[in-house]
Amino acid sequence: MEPQDLPYAKKASEEAKQSRQEPNKTSIFVGAVAVRDGKVLASAHRGELKLGDHAEYTLLAGKLSGMDLTGATIYVTLEPCTLRSAEKVPCAQRLIDRKVARVLIGMPDPNPDIRGLGYQALRQAGITVEYFNEPFVSELEDLNREFVGVQRAGSAPPRPSQAFLEQVQERTLDEWYTALNTIYFNRNFDRSATDICLHLIEVIGGLSLLASKKTKSGIDKEHQVSKALAWWLALCGKVGVKSVELLLWSKFPGVCPYCHLPQHNQNVCAEKKAANPGPLWPELNRIGAGGRLPERLGAWQLMFNTIYPVTQTDEYGAIFARLYEELAELAEAVRTFRSVPGNFLSEAADVFAWLMRVQKLIDESSERRRDQRGTALEEDFAKSYPDACTQCGRYVCSCPPILVSTIGRIAHEAPAELSSYGENGAFLTPDLAAKQFAFGRKQAIGTTTR
């Protein structure tokens, strides 16, 4: 860092102090300044134009979108990011794409998933990279002490504030879909759709404790709908569904997909299913084209509650029997996805519909006021998934593949002496399995040929 850089480093630091913070999120202070030939082209700070927007994005895309920045110097108080959600371009790449000549960084990113990678990406692109001198570095580290502390500890964020809950009240179902998968996309990257489907079945198994009236440590039965919904969204993300709203609307355009009535009629349904066992998709498409999709999560719940109202004779046992029937069909759709992907769209919609039915019965059992229905699910989901992982506290989850706290919540482990491999255990080693099953195959073949 040269003496002529000092005024611009100071200006970037002053910008950082003006950063606007998002409700219920760790405070982050970042400023950025673009300079060429000794002239300040523009400056920006995090959240200046829109809450959550990075300072570099605000500077490059918001204030200098049409300007050629070839040869410019960028002063940024935090190492440019290299990791964003699928639809966003990392800030380091934006700087590379704009062909800037030099980048001066105030402090390394304390996030272990990014630290050093921004510096490295810029260097590999031929950009000169330097760091600020003291006292700027100490000042910026002190300004971002909360952010640094959370990244070092990996601790869970605080409970969602009232401001956050109010902010997300108008969030659409597709926006929740994107937010949830932004947190967990990386963690689920190496998991197959089958793995995620199995986890969804596991979570709904915990939810079914409502029917059995059993209790298990670590499982809050009435909050399992939000957890099941999260894994449903993760599964849709894994198979690449573009819009879960369109997935649902294609089968449930405000009406029952069989009788085509805004409130399901069992007798009419039975007649139409006898004539045509599956949904009449062209007719559903026609109905949906003239309707307006629900937006908020709560509005989707209310739509399904209207189509399939809970009656006084409804019980958890019967509802879970149907839900598990739909889960079995969804599992088959996942298993055969490569051959018939359209089955997934239909069966995933059915599972969502039955989850909404369970939530309606929870609302009825809790004697929740009608004006709270839908809103209660939205609030519970926002508290459970506050745009960050509630286990590791990161905006992009970095938890280990299996959390120690989850082991044994549903299943029970056999005695240690059985849970081993080899001659004295319950499991075959790969070589013993090959030996045993190869022998069995030979026996079967030999018997058949005789």
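Figure 1. Helices (H or I, at least four residues) and strands (E, at least two) are DSSP runs, numbered from the N terminus. What you're looking at is a predicted model, where local features need pLDDT of at least 70, side-chain atom pairs count only at pLDDT 80 or more, and totals for chains, interfaces and linings use all residues. Residues are numbered from 1 along each chain as its sequence is written, and side-chain values use heavy atoms, with hydrogens and water left out. Of the chain's 450 residues, 45% count as buried, meaning under 20% relative accessible area (1.4 Å probe, protein chains only).

**Figure 2. Here's helix α17, which covers residues 342–365.** Its 24 residues should span 34 Å at 1.5 Å a residue, and the end C-alpha atoms sit 36 Å apart, so the two values agree. That expected span is 1.5 Å times one less than the number of residues. Most of α17 is covered, with 19 of its 24 residues buried. After the helix comes Glu-367, with a positive phi near 55°.

**Figure 3. Strand β4 (residues 102–107) is largely enclosed by the rest of the structure, because 6 of its 6 residues are buried.** Strand β3 (residues 73–78) runs parallel to β4, joined by 5 bridges; strands pair if DSSP finds at least two bridges between them. Tyr-75 has Leu-104 of β4 as its bridge partner.

**Figure 4. Strand β5 (residues 128–131) runs parallel to β4, with 4 bridges joining them.** Leu-104 has Glu-130 in β5 as its bridge partner. From β4, the chain passes through helix α4 (residues 117–124) to β5, making a right-handed β-α-β crossover. Right-handed means that, with the strands pointing away from the viewer, the path from the first strand over the helix to the second runs clockwise.

Technical notes:
Buried means under 20% relative accessible area, exposed over 50%, partly exposed in between (1.4 Å probe, protein chains only).
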